[in-house]
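Please walk through the following structure with its backbone in view, moving from the helices to the loops that join them.

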Amino acid sequence: MSSILLITLIVITKCTACILAIIFAFFLLLRLWVEPFKGRCKCKTKLHGKVALITGGNSGIGFETAKDLAKRGARVIIASRNDEKSAKAVESIKKETGNHNVEYRQLNLEKLNNIREFAKKFNNDFDRLDILVNNAGCGEFGKGNTEHGIDLLMQINYVGPFLLTHLLLDKLIISKPSRIVIVSSYLHAYANIIPEEITVAKPVNFYTRYARTKLCNVLWAKELAKRVPEGIIVNALHPGLVMTNIFDTFNPVIRYLLYFIIYILFKTAEEGAQTIIHLCVSPDSVNWTGGYYQNCKKVQPSKKVENSDLARRLWDESISIINKY
Ligand SMILES: NC(=O)c1ccc[n+]([C@@H]2O[C@H](COP(=O)([O-])OP(=O)(O)OC[C@H]3O[C@@H](n4cnc5c(N)ncnc54)[C@H](OP(=O)(O)O)[C@@H]3O)[C@@H](O)[C@H]2O)c1
């Protein structure tokens with residue numbers, strides 16, 4: 001009886017090991033298979049003498065972008081909220097790239113006044129701005145409004161970057177040819193907006209709130225590209241699904257499940273930064289402005305982005321918001 005039990009146990013153990021090995025091999029092959037579709041920036045462009053500002057450059061995709069641009073010789077400024085994290089990021093970039101022209105400036109996109117102060121100091125201290133990467137973004141569940149009653153997520157992901165870019169535009173004009181890169185997400189396709197109501201926190205789930213901000217990003221890139229002088233290239237992008245701190249505020253079960261799926265199938269922060277880097281340095285993208293990119297290639301955004309009237313109304317509303325507060 002006991003030997004039957006033992007044999008059964010051995011068979012079950014072996015079967016389980018076999019199944020686990022097959023699952024592991026399947027995911028490994030899947031990961032290898034998706035690798036070539038991820039897109040890498042192969043440009044050798046050097047950036048000596050150029051100034052690059054990367055919001056949210058202390059972590060995730062922004063950090064990897066800052067590191068790459070520093071490696072290419074640019075003077076890099078990372079702008080985020082957290083002093084300690086940012087100081088560490090600067091040290092790590094300096095150490096890894098050997099470029100000591102890297103610095104941190106405090107920026108809180110939640111507060112319009114803070115953005116104005118940041119821009120004033122920046123415009124005072126720098127005589128040029130060649131690359132502006134609007135990367136900082138928030139994916140937290142928390143609902144709330146800013147001191148001006150603007151939906152917090154909309155403020156951090158869209159209204160704040162809109163104001164910042166507006167205030168730094170003269171420096172980008174002086175430095176032409178220059179570039180503005182706006183980090184959006186493929187989730188923009190799942191949103192709808194009424195431009196005149198973007199500041200209102202709607203009682204919708206997190207994904208819809210986030211998606212609305214990212215649709216604003218793509219529409220903004222399209223409209224901004226039309227309005228800036230020739231020689232300023234503006235593009236938006238989806239970086240891919242990337243394992244970063246952005247998921248830290250998720251429910252732990254969802255987060256670890258996501259991490260597992262992302263680890264197997266999707267991108268590291270270094271891989272996620274590739275499309276941003278490509279738009280910052282690629283000689284090809286000089287011919288493309290107002291576009292939407294993924295995996296270092298120009299792709300079609302959602303049909304909603306083709307609606308020029310929507311983009312124009314969003315522009316008008318955004319100007320009226322930054323003039324009002
Ligand atoms: N990860 C993905 O799968 C994914 C997919 C699509 C799009 N994206 C977009 O990619 C961008 C970068 O995200 P990530 O994944 O790299 O996330 P992350 O590692 O969490 O980085 C977010 C960055 O934004 C900064 N930030 C957040 N709130 C800010 C505020 N109020 N003011 C100034 N800076 C602020 C953070 O700085 P502090 O730490 O100092 O606050 C941090 O540097 C975001 O726009 C995100 O929406 C990410």
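Helices (H or I, at least four residues) and strands (E, at least two) are taken as DSSP runs and are numbered from the N terminus. The model is a predicted one, in which local features need pLDDT of at least 70 and side-chain atom pairs count only at pLDDT 80 or more, while totals for chains, interfaces and linings use all residues. Residue numbers start from 1 along each chain as its sequence is written.

Burial is judged by counting other C-beta atoms, placed from the backbone, within 10 Å of a residue's own: 20 or more make it buried, 12 or fewer exposed, and anything in between partly exposed. Eleven of the twelve residues of α2 are buried, so the helix is largely enclosed by the rest of the structure. Among these buried residues are Gly60, Phe63, Lys67 and Ala70. Just after α2, Gly73 adopts a positive phi of about 100°.

Two packed helices are described by the angle between their axes and the distance between the axes. Here axes are lines fitted to C-alpha atoms, for helices over the stretch in contact, and angles run from 0 to 180 degrees between N-to-C directions. The axes of α2 (residues 60–71) and α3 (residues 83–97) come within 9 Å and cross at roughly 40°. These two helices are therefore oblique to each other, on a scale where angles under 35 degrees count as roughly parallel, over 145 as roughly antiparallel, 65 to 115 as roughly perpendicular and the rest as oblique. On the α2 side the contact is made by Phe63, Ala66, Lys67, Ala70 and Lys71, and on the α3 side by Ala89, Ile93, Glu96 and Thr97, where contact requires that the C-beta atoms of two residues, placed from the backbone, lie within 7 Å.

Helix α3 also holds Ser86, which counts as buried because it has 23 C-beta neighbours inside 10 Å. Once its neighbours within four places in sequence are left aside, Ser86 is in contact with Asn58, Ile78, Ser80 and Tyr104.

Helix α4 (residues 112–125) has 14 residues and reaches 20 Å from its first C-alpha to its last, close to the 20 Å expected at 1.5 Å a residue. Its buried residues are Leu112, Ile115, Phe118 and Phe122. Seen down the axis of α4, these buried residues fall within an arc of 120°, so they line one face of the helix; the arc is that of the directions from the helix axis to the C-beta atoms. An α-helix has 3.6 residues a turn, so residues three or four places apart point the same way. On the other side of α4, Asn113, Lys120, Lys121, Asn124 and Asp125 are exposed. The cover over the buried residues of α4 includes β2 (75–80), β3 (102–106) and α5 (152–174).

Helix α5 has a further partner in α10 (residues 308–324), for the axes of the two come within 10 Å and cross at roughly 80°. That makes α5 roughly perpendicular to α10. Val159, Phe162, Leu163 and His166 of α5 make this contact with Ser318, Ile321 and Ile322 of α10.

Helix α9 (residues 274–281) has eight of its eight residues buried, so it is largely enclosed by the rest of the structure.

Most residues other than glycine have a negative phi, and most peptide bonds are trans. The peptide bond from Lys176 to Pro177, however, is cis, with omega near 0°, and Pro177 is found in the loop between α5 and β5 (178–183). In the loop between β7 (291–294) and β8 (297–299) lies Asn295, a residue other than glycine whose phi is positive, near 50°. Cys296 lies in the loop between β7 and β8 as well, and has a positive phi of about 65° although it is not a glycine. Asn295 is partly exposed, with 19 other C-beta atoms within 10 Å, whereas Cys296 is buried, with 21.

Methods:
Expected span 1.5 Å × (residues − 1).
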